[in-house]
Amino acid sequence: MTYVGGDFQVGAYLASLWASGSDDVAPACCDVSSTDLNGVVSTDSKTSSCPPSTTTTVNSGTGEGACRSSGGDCGTTEGASGRQVRECAVVCVSDIHGDYDGLVALWASTEERVRATCGNAAFDRAIVIFLGDYVDRGPKVKEVVEWLIDLPSRYPNQRQYFLAGNHDHAMSAYLQLLPEPPGGFTQTWDLPPKLLRLQPGEILWNGGTVKNKTHLQGLRYGESTSVYCNVDTFRSYNARSHTDLVKNVPERHKQFFRQLKWAQIVKLPEDQYIICIHAGLLHDVSCTDQIKMLLRRDTSVPRVSQLSARSEVLTLPTELHGSKFTLVCGHHGRTIEKKGHIVLDNMMAVVFPPRNPPTMPTQQDYFLVHRE
């Protein structure tokens, strides 16, 4: 593979993550029994996303370990367990914002479309990445979070990843759920006003006794005129104050917010990668440095532009130009489809189907799904 410009650095970094077995890079293949392949197994060994291996044993399970140990042929490897490793669908779901009914409708539409287009196994064992912003602006935030928490039990063979949006990040900060960085959270807000980058007229929540344990975005979230439009979140949890919200948000919801990732990578065949981030990447900062910061969830950063910025992250960085990368984001309330860059409007999904399913007349790199 020939790397061009910054493409080499990003590709080398992601390849090193993949080789290390990091959970931050999910392989786009899974193991399935020969009885549920539905005729959609890729037979092209050159399309494998598996790294070279000395073993071809395929173990039962969700398939990530099987893919990593499949000997580099996701289409045809079969082990003593009678299971085969194949490429699976990748589904990315955009901003939900408390719209429970819309979420249920979008999921049903996505499931129906993937099953009809790619076969049952493609959906049953899909990689599903939610791009964040589950809270605020909609009336059923609590129901949305509950539905997402229960999703793995309803689809146990999928691999599901839940990313943080700027709203989820701010709510987590307000509830003191973010891991405290070395030096504490005061470093995120004890700054000159120009560096805080507040909106005109915006003031910060005083924080009371927990202010020193609260990230800047939590102080922004807690003000009664919050820029995060969080009235519906408070109502959903029957809360009128910080104390109420801390008390009324169930522990399992808090754990969900604690575990939200800031980025997820999916490795496709032929060393191609899908990079999933809520808002995008800055075009004037090293993409590798940005991805590293996101994967370690650096809570010393006052404003995580990759989760919250607008125009600054709406241009695809030149480092990602070419055929190796696809950046998938939500956040912007609009749909953009460009080479290597997909931005989803609220309540949309993009599906990257397995290669060459026989039911698809012409090969598509991806297709979009809207709520019905």
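Leaving aside its neighbours within four places in sequence, which residues is R220 in contact with? With contact meaning heavy atoms within 4.5 Å, the residues that R220 touches are L198, Q199, E202, L204, S226, V227 and Y228. The model is predicted, so local features need pLDDT of at least 70 and side-chain atom pairs count only at pLDDT 80 or more, while totals for chains, interfaces and linings use all residues. Residues are numbered from 1 along each chain as its sequence is written, and side-chain values use heavy atoms, with hydrogens and water left out.

- R220 lies in helix α9, where helices (H or I, at least four residues) and strands (E, at least two) are DSSP runs numbered from the N terminus.
- R220 has a relative accessible area of 10% and therefore counts as buried, the term for under 20% with a 1.4 Å probe and protein chains only.
- The side chain of R220 makes polar contacts (a pair of N or O atoms within 3.5 Å, where within protein one must be able to donate a hydrogen and the other to accept it, and residues adjacent in sequence count only if both atoms are side-chain atoms) with the side chains of E202 at 2.7 Å and Q217 at 3.0 Å.

**Pockets**

- A pocket is, on a 1 Å grid over the protein atoms alone, an open set of points where a 1.4 Å probe fits, with protein on both sides within 12 Å along at least five of seven lines, and its lining residues have an atom within 4 Å of a point.
- The second largest pocket holds about 260 Å³ of space, and its lining includes R220 together with Q217, V227 and Y228, with α6 (166–174) and α9 (216–222) each supplying at least two residues.
- The largest pocket holds about 420 Å³ and has a lining of 24 residues, of which L268, Q272, T326, F352 and D365 lie nearest its centre.
- Strands β8 (272–276), β9 (325–329) and β11 (341–343) each contribute at least two residues to the lining of the largest pocket.

Notes
Grid points are joined across faces, edges and corners, and a volume is the space filled by probe spheres set on the points. Buried means under 20% relative accessible area, exposed over 50%, partly exposed in between (1.4 Å probe, protein chains only).
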